[in-house]
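This report covers strand pairing, helix packing and ligand surroundings in one model.

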Amino acid sequence: MAKKISLNLHSISSIILLSIIPLTIPTLFLLHTYSPTSICTPLSSHRRPWSGDLRAADFPWNRLDFTAHTPPPISLRIAVFSRKWPTTTAPGGMERHAQTLHKALARRGHRVHIFTSPTDETKSPPPPPMSPILHWHDGDPNVWQHNKAYAQFVAENRSDPFDVVHTESVSLHHSLAARLPNLAVSWHGIAFESVQSSIYQDLARNPSEPMSNDFNRSIHVAIPKVLEEIRFFAKYAHHVAISNSCGEMLRDVYQIPSKRVHVIVNGVDEDEFTHDPKLGQQFRSKVGVPGNATLVLGTAGRLVRDKGHPLLYEAFAKLKTNNPNIYLIVAGSGPWQSRYKKLGPQVIVLGSMDPAQLRGFYNSIDVFVNPTLRPQGLDLTMMEGMMCGTPFMASRFPSIKGTIMVDDEFGFMFSPNVESLYEALELVAAEGAERLVERGAAGRVYAETMFNARKMALAYERLFLCIKNESFCMYPV
Ligand SMILES: *[C@@H]1O[C@H](CO)[C@@H](O)[C@H](O)[C@H]1NC(C)=O
Ligand SMILES: *[C@@H]1O[C@H](CO)[C@@H](O)[C@H](O)[C@H]1NC(C)=O
Ligand SMILES: *[C@@H]1O[C@H](CO)[C@@H](O)[C@H](O)[C@H]1NC(C)=O
Ligand SMILES: *[C@@H]1O[C@H](CO)[C@@H](O)[C@H](O)[C@H]1NC(C)=O
């Protein structure tokens with residue numbers, strides 16, 4: 001009963017809203033326009049823009065404007081260590097990051113050399129002159145051998161020395177990294193975050209279900225792994241954290257001197273993920289969302305247990321019983337795909353998608369749900385959705401809270417358990433699709449300034465310049 005009333009009140013208020021829209025649009029726009037420097041931290045829109053030594057900045061460099069130097073003041077020779085270099089269409093997050101970043105730097109005229117493991121298709125056509133130059137070490141396909149890659153790097157460095165070295169996570173082992181004062185490492189998830197991950201995953205286990213042996217083993221090695229990392233991380237000269245919370249852990253728990261920790265958030269391709277309501281409507285009818293749907297939720301990514309799909313499965317099963325017009329679109333593949341199919345016609349299960357299809361997907365849904373149980377790194381899906389103007393609901397993790405959900409307006413957070421997720425879903429259902437459009441618009445303004453791949457590449461470029469020559473560490477130049 002109470003619910004009916006609130007829904008009616010809501011539709012009345014949307015009628016009122018509609019009738020006063022001509023007046024409110026400019027105000028709403030002002031309220032929801034975020035300048036990249038107005039959110040939390042030392043920066044505020046009424047103060048002067050931030051300036052100083054970038055190495056002292058503890059906020060994401062993505063907030064700053066690095067467009068002043070176009071083209072870059074000097075062309076750098078950059079060596080990159082990456083266990084894998086993507087050749088398939090569906091690479092993992094870390095490989096995608098490496099590729100997006102280094103292709104962008106090569107386009108800006110830097111001479112990028114990638115040291116990576118051989119693939120099955122090592123005989124692919126030679127890259128065009130501006131692309132990064134690939135060096136596959138010899139050996140079995142997809143087996144990374146850092147010593148071989150390092151030997152190739154040393155030979156290449158002898159003929160023409162590199163200005164800066166970049167390693168994706170521990171691709172370059174710390175014993176070798178320790179020799180390189182001009183090195184930066186990007187961390188896409190650290191052991192301290194895995195400890196939290198273990199906690200959330202075990203709490204999500206059904207009490208009647210035994211703990212798996214693999215999981216039990218992983219718990220026993222978790223703390224020793226953190227200790228080991230704290231002991232060897234300091235050997236890497238410069239650290240890039242991909243979220244504010246990871247930066248904090250590196251400074252506070254791993255005890256890396258602040259001036260060697262830099263936060264640069266991963267970016268997504270701003271041309272691939274754009275706001276396009278018409279495309280969204282087409283996608284809806286193509287996948288068969290009925291016209292009477294009042295709300296469409298969506299989730300995407302690997303459909304596995306540690307991404308929290310057991311939670312969403314159960315919470316949505318409960319939600320759909322008293323909300324017959326709410327739909328869930330599931331994009332991606334994995335063991336939970338077949339289970340979602342059992343939930344009946346209110347769940348539309350699609351397979352994996354390429355970026356073009358994903359753009360349609362994000363534009364078609366009213367809200368994106370990320371029930372992940374893994375706080376390591378930062379899922380790109382939420383940023384992709386935000387760039388398309390889609391608000392999101394996500395597990396209350398420090399990485400998400402501190403870097404993406406920096407304003408309540410952007411969406412909803414829940415604890416990673418069924419009850420909390422279900423409560424959040426009911427809140428979203430009561431709020432309705434019109435309000436979600438406003439939230440999505442606010443999030444998009446923020447995402448466009450913070451999560452675009454071009455800004456990420458410019459921030460890395462500046463870090464590499466600063467490693468090469470301290471005079472580039474000052475901002476603005
Ligand atoms: C790369 O070359 C420079 C210039 O010759 C040299 O100083 C540096 O030690 C070399 N680095 C490595 C790892 O060989
Ligand atoms: C986990 O493994 C340890 C020993 O390796 C064993 O003693 C313990 O009973 C296991 N715990 C569970 C919940 O399976
Ligand atoms: C919504 O539309 C679908 C297909 O047109 C229909 O099967 C379903 O019964 C409708 N749901 C409600 C609650 O009216
Ligand atoms: C660093 O850059 C500044 C300004 O471009 C230049 O004057 C200086 O010579 C450079 N220093 C080195 C060591 O290259």
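Leaving aside its neighbours within four places in sequence, which residues is Val185 in contact with? The model is predicted, and in it Val185 is in contact with Thr167, Ser169, Ala177, Tyr236, His239 and Val240. Val185 belongs to strand E6, which covers residues 183-187. Is Val185 buried or exposed? A residue is buried if 20 or more other C-beta atoms lie within 10 Å of its own; Val185 has 22 C-beta neighbours inside 10 Å and therefore counts as buried. Val80 is 105 residues from Val185 along the chain, and the C-alpha atoms of the two are separated by 9.8 Å.

**The seven-stranded sheet**

Strand E6 is part of an open sheet of seven strands, ordered E4-E3-E2-E5-E6-E7-E8, with parallel pairing. Strand E4 (133-136) and strand E8 (261-263) are the edge strands, each pairing on one side only. From one strand to the next, the twist averages 25 degrees. Within this sheet, E2 (residues 77-81) and E5 (residues 164-168) run parallel and are joined by four bridges. Ala79 stands opposite Val165 in E5.

Two helices are placed against these strands. H3 lies across E2, strand E3 (111-116) and E5, and runs at about 155 degrees to E3. H17 packs on the sheet and touches E2, E5, E6, strand E7 (238-241) and E8. The direction of H17 makes about 135 degrees with that of E5.

**Contact between H3 and H17**

Two packed helices are described by the angle between their axes and the distance between the axes. For H3 (residues 93-107) and H17 (residues 453-468), the angle is about 70 degrees and the axes are 9 Å apart. Angles of 65 to 115 degrees count as roughly perpendicular, and H3 and H17 are therefore roughly perpendicular to each other. On the H3 side, the contact involves Thr100, Leu101, Ala104 and Leu105. These meet Ala453, Arg454, Met456, Ala457, Tyr460 and Glu461 in H17. By class, the residues of the contact of H3 with H17 divide into seven nonpolar, one polar and two charged.

Strand E12 (residues 367-370) is covered on both faces. Val367 and Val369 lie on one side, Phe368 and Asn370 on the other, and all are buried. Strands of a sheet pair through backbone hydrogen bonds, either parallel or antiparallel. Strand E9 (residues 295-300) runs parallel to E12 and is joined to E12 by two bridges; Gly298 has Phe368 in E12 as its bridge partner. E12 also pairs in the parallel sense with strand E13 (residues 392-395), over three bridges. Here Val369 stands opposite Met393 in E13.

| Strand pair | Bridges | Sense |
|---|---|---|
| E2 and E5 | four bridges | parallel |
| E9 and E12 | two bridges | parallel |
| E12 and E13 | three bridges | parallel |

**Ligand surroundings**

Which residues surround ligand 1? The shell is made up of Val154, Asn157, Pro161, Arg179 and Leu180. By class, the shell around ligand 1 has three nonpolar, one polar and one charged residues. Ligand 3 is surrounded by Pro290, Asn292, Pro324 and Asn325. The shell around ligand 3 divides into two nonpolar, two polar and no charged residues.

Notes: Residues are numbered from 1 along each chain as its sequence is written. Chains are lettered from A and ligands numbered from 1 in the order in which they are written. This is a predicted model: local features need pLDDT of at least 70, side-chain atom pairs count only at pLDDT 80 or more; totals for chains, interfaces and linings use all residues. A residue is near a molecule or strand if its C-beta atom, placed from the backbone, lies within 6 Å of it. Ala, Val, Leu, Ile, Met, Phe, Trp, Tyr, Cys and Pro count as nonpolar, Asp, Glu, Lys and Arg as charged, and the others, Gly among them, as polar. Axes are lines fitted to C-alpha atoms, for helices over the stretch in contact, and angles run from 0 to 180 degrees between N-to-C directions. Angles under 35 degrees count as roughly parallel, over 145 as roughly antiparallel, 65 to 115 as roughly perpendicular and the rest as oblique. Two residues are in contact if their C-beta atoms, placed from the backbone, lie within 7 Å. A residue is buried if 20 or more other C-beta atoms lie within 10 Å of its own, exposed if 12 or fewer, and partly exposed in between; C-beta atoms are placed from the backbone. Two strands pair if DSSP finds at least two bridges between them.
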